[in-house]
Amino acid sequence: QVQLVESGGGLVQAGDSLRLSCAASGGTFSRYLIAWFRQAPGKEREFVARITETGARTSYADSVKGRFTISRDNTKNTVDLQMNSLKSEDTAVYYCGAAPSLVAGWRYWGQGTQVTVSA
């Protein structure tokens with residue numbers, strides 16, 4: 001079983017940057033796909049970015065493409081989300097999730113970290 005803990009959220013102004021981190025423990029981290037999702041008030045949780053087990057491939061939601069970058073360090077069991085040019089619509093609770101495969105689904109979740117972007 002994998003435990004995930006997010007950190008790095010906060011209150012920033014539009015145009016600023018933030019770097020979120022997801023730290024994992026338990027299990028074999030390098031065997032899992034890791035993704036960031038977010039949930040804004042009154043909305044469903046949505047996909048933000050995903051990275052494969054080795055970090056060789058990444059994918060992004062259209063809304064963040066070109067502004068956000070996901071990366072991982074399997075020696076430290078961490079996945080980061082660098083967020084640049086933040087917009088007010090990026091305001092949400094950000095969660096990281098772990099999946100043994102896309103077919104198996106996102107089995108493990110962190111508790112989330114709040115990101116608030118003021119206009």
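Two strands count as paired if DSSP finds at least two bridges between them. Strands themselves are DSSP runs (E, at least two residues), numbered from the N terminus. The model is predicted: local features need pLDDT of at least 70, side-chain atom pairs count only at pLDDT 80 or more, and totals for chains, interfaces and linings use all residues. Residues are numbered from 1 along each chain as its sequence is written, and side-chain values use heavy atoms, with hydrogens and water left out.

In S8, Thr78 is the bridge partner of Ala23. Strand S3 (residues 18-25) and strand S8 (residues 78-83) pair in the antiparallel sense, over six bridges. Strands of a sheet pair through backbone hydrogen bonds, either parallel or antiparallel. S3 and S8 belong to an open sheet of four strands. The order is S1-S3-S8-S7, and the pairing is antiparallel. Strand S1 (3-7) and strand S7 (68-73) stand at the edges. Each has a single partner strand, so one side of each is left without a neighbour in the sheet. From one strand to the next, the twist averages 15 degrees (axes are lines fitted to C-alpha atoms, and angles run from 0 to 180 degrees between N-to-C directions).

The structure holds one disulfide (a pair of cysteine sulfur atoms within 2.5 Å). This bond joins Cys22 to Cys96, with an S to S distance of 2.1 Å. Cys22 lies in strand S3 and Cys96 in strand S9 (residues 92-99), so the pair ties together parts that are 74 residues apart in sequence. The torsion about the S-S bond is about 65 degrees, so the disulfide of Cys22 and Cys96 is right-handed. Both Cys22 and Cys96 are buried. Buried means under 20% relative accessible area, exposed means over 50%, and partly exposed lies in between (1.4 Å probe, protein chains only).

A search of the whole structure finds four aromatic pairs. A pair of aromatic rings is described by the distance of the centres and the angle of the planes. Rings of Phe, Tyr and Trp (its six-membered ring) pair if their centres lie within 6.5 Å; planes under 30 degrees apart count as stacked, over 60 as edge-to-face and the rest as tilted. Tyr32 and Tyr108 form an edge-to-face pair, 6.0 Å centre to centre with 75 degrees between the planes. Tyr32 lies in the loop between S3 and strand S4 (33-39), and Tyr108 in strand S10 (residues 108-109), so the pair ties together parts that are 76 residues apart in sequence. Tyr32 is buried because its relative accessible area is 13%. Tyr108 counts as buried at 17%.

The rings of Phe37 and Phe47 have centres 5.9 Å apart and planes at 75 degrees, so this pair is edge-to-face. Phe37 lies in strand S4 and Phe47 in strand S5 (residues 46-51), so the pair ties together parts that are 10 residues apart in sequence. Phe37 is buried, with a relative accessible area of 10%. Phe47 is partly exposed, at 27%. Ring pairs link Phe37, Phe47, Trp106 and Trp109 into a cluster.

Thr113 lies in strand S11 (residues 113-118). Thr113 is buried, with a relative accessible area of 10%. Leaving aside neighbours within four places in sequence, Thr113 is in contact (heavy atoms within 4.5 Å) with Glu6, Ser7, Gly8, Gly9, Leu20, Ala92, Val93 and Tyr94. A polar atom of the Thr113 side chain lies 3.1 Å from the backbone nitrogen of Gly9.

Conventions
A polar contact is a pair of N or O atoms within 3.5 Å; within protein, one must be able to donate a hydrogen and the other to accept it, and residues adjacent in sequence count only if both atoms are side-chain atoms.
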